[in-house]
Amino acid sequence: MSLLMASVLATAPVSALNIMEQLVIEPDNQVQESIQENLSEVVPPVEITPPEFVQPDISTSTVAKTKYENILKKSREKIQFISSSNSPESKNTQPLPDETDKNYSHPPIPPYPHPADSDDPMSQVNSVSQLEDVQPSDWAFGALQSLVERYGCIAGYADGTYLGNRSITRYEFAAGLNACLEKINEAMPGLGYAYANNKLNTVNDEDLILLQRLQGEFKAELRQLQQRVEVLENRTSELQANQFSTTTRLFGQAVFSVQGSNTTDADLFPRDGIPERQGKTNLTFTSSAQLTLATSFTGRDLLLTGLSAGNLGSNASLLSTNMGRLGFESNTDNNLVVSDLSYRFLASDNLGIVVGTAGVNPINTFRGISPLEGSSDGAISLFGQRNPILGIGNGTGGIGFDWQISDRISLQGVYSAEIPSFPGDINQGGLFGGRFTAGTQLSLAPSNNIDIGIHYLYSHSPDGLLGTGIGDSQLISPFADATAFNTHAVGATVAWRINPNLQVGGWGGFTSSKPSNLSGSVETTNWMVFAAFPNLLRRGNLGGVLVGQPPKITSSTLPEGFNLPNFSDGGTAGGRTDTSIHVELFYRAQLSDNIALTPGLFVIFNPDHNAANDALVIGVLRATFRF
């Protein structure tokens, strides 16, 4: 039932979602993650804990209520075994608790601390613990023991006795007495059959008299039990009526990180091969936090409300390249922002819809393929998260769907605008203005060990920026006037689980962009191969190795003066002559279910696709706390 809800909630491997029965959202410690990405230029990528919707845990009072309700129900429905004109209350005999509870010697429910003059009815009920215990020397103890031996009344203890000669509470005794009443009632002719362990096969008059005496002796305890259940019912109803929400769950995440880079010489104007600038970042200690409320109104829907704050910004301006960006950036100046506000619901059993003003984009709507995706516990670089074409358009709000076509085939689609709330110039924002993206992904699982995602996106950019934030995301020379572009992007991502401890895969992407009022076009490519090592050295850990090429302009045929690759040399047509290579290593050590520590390192050779630039080295130590 929860198929589409799960898929729009989290970017999970396709094969993990290809069987309907496996798609029901379950309360598991290894929950799937919902990756909340670059919601705007001000709010870089941040990940939240996947908010699988589960019904709230039943409170302790509700558990107790259910247990004792069962006892009360049996007591009310019991056929009166012995009638007495002097003791009308004797019909309220007490049966044993549910048979699933093997030890029926439950402690009494403690009284609530109300004053003696309280109007609360619970204050009028004596605690069973205040009553005198039944000793092995008491006549009642021996009488019930003899009935147990003859009729096999009690199955609560392994040896069918009251654990030897220890004293028992009157409540426990009353429960055992009621069990004998029920068994003997069934053994009487015309009312049931004789149990195999009933040695006499009939009930004699002496036993009937003994039972009547025992029933009259303990009628007060049975009556008190009924009062306790009624009070407990009232208290439980009051608690449920006044709690915050019966359908909302809170998920949280905090990330602490230490990061820094080496010092590089950067050739900012690539025409003579001479570096003009030096790039370096300080060693910094930063943090981010995110809270997510997941609310369901019908059990087939989900409202996500995400709040985030952080102080880790992009290092692109300091390094003169965007290829050293981290996957867990969250620069809000520690101000609280709404990172997700979306509503997800099932239109049918195999079609889910998502609509929202924040958190609706291809990254959050398409099913994730790469096992290294996850800004808080996956690859440490932004490029290592996923195929960059999925970030085109920097979308925040819009509408999407996830359609499970068959067990192994699904289709996702999304329309997302960068600034859907902007009411002014149509060229700058609005739901259908400014920068927007429409895309689809066909998710395939040809076998249980292979996941494939085939991507297509169309995007409109009012200023020649793709919005990916990695590699060549700018399409036009910085010296030329801003020009609107329309982009078609295609790509694919593949992951192969060779065994539980080794997965390999990769992705590739291609974009073709045409300006609205100029001739020519701009084309880019990117690729990545990776290996993932789940459970490396210890269960729950994850190692990763990635090698790839960030987005690179391979062809630019715009008019002279508009082309980016040769912008410092007249802006003539042509593509990049050099190629950047990204190499990344990381290891996530899962210290506990809620704490992970991830050291990582990645190197960019020929940053900014320029062989004159020094290799860039970024080191990171990331700590993730989930709650």
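Reply: A nonpolar core here is a set of buried Ala, Val, Leu, Ile, Met, Phe, Trp, Tyr and Cys residues joined through side-chain atoms within 4.5 Å. Buried means under 20% relative accessible area, exposed means over 50%, and partly exposed is in between, with a 1.4 Å probe and protein chains only. Keep in mind that this is a predicted model: local features need pLDDT of at least 70 and side-chain atom pairs count only at pLDDT 80 or more, while totals for chains, interfaces and linings use all residues. Residues are numbered from 1 along each chain as its sequence is written, and side-chain values use heavy atoms, with hydrogens and water left out.

On to the core itself. The largest one has 26 residues, and Leu326, Leu372, Leu546, Phe586 and Ile618 have the most contacts inside it. Two or more residues of this core come from each of β15 (522-534), β16, β18 (595-605) and β19 (616-626); strands are DSSP runs of E, at least two residues, and helices are runs of H or I, at least four, numbered from the N terminus. Zoom in on Phe586: leaving out residues up to four places away in sequence, Phe586 touches Leu372, Gly378, Ala379, Ile380, Leu542, Gly543, Gly544, Leu546, Thr598, Pro599 and Gly600, where contact means heavy atoms within 4.5 Å. Apart from this core sits another, of 21 residues, including Ala143, Ile168, Leu181 and Ile184.

Take Arg367 and Asp402, with 3.0 Å from N to O. Arg367 is in the loop between α8 (362-365) and β9 (397-406) and Asp402 is in β9, so this pair ties together parts 35 residues apart in sequence. Both partners are buried.

Next, Arg435 pairs with Glu418, with the closest N and O atoms 3.2 Å apart. Both lie in the loop between β10 (409-417) and β11 (436-447), so the link joins parts 17 residues apart in sequence. Arg435 counts as buried because its relative accessibility is 5%, and Glu418 counts as buried at 11%.

Then there's Arg576 with Asp472, at 2.8 Å, N to O. Arg576 lies in the loop between β16 (542-556) and β17 (581-590), and Asp472 in the loop between β12 (450-461) and β13 (485-499), so the pair ties together parts 104 residues apart in sequence. Arg576 and Asp472 are both buried.

Leu250, Leu291, Leu293, Leu307, Leu336, Val338, Leu341 and Phe627 make a nonpolar patch of about 710 Å². Patch residues have over 30% relative accessible area and no salt bridge; nonpolar side chains (Val, Leu, Ile, Met, Phe, Trp, Tyr) are joined within 5 Å, like charges within 9 Å. The areas come from the Shrake-Rupley method with a 1.4 Å probe, and for residues only the protein chains shown count as cover. β4 (284-295) and β7 (337-348) each supply at least two of the patch residues. Leu341 belongs to β7 and counts as partly exposed because its relative accessibility is 35%.

How values were computed:
A salt bridge is a side-chain nitrogen of Lys or Arg within 4 Å of a carboxyl oxygen of Asp or Glu.
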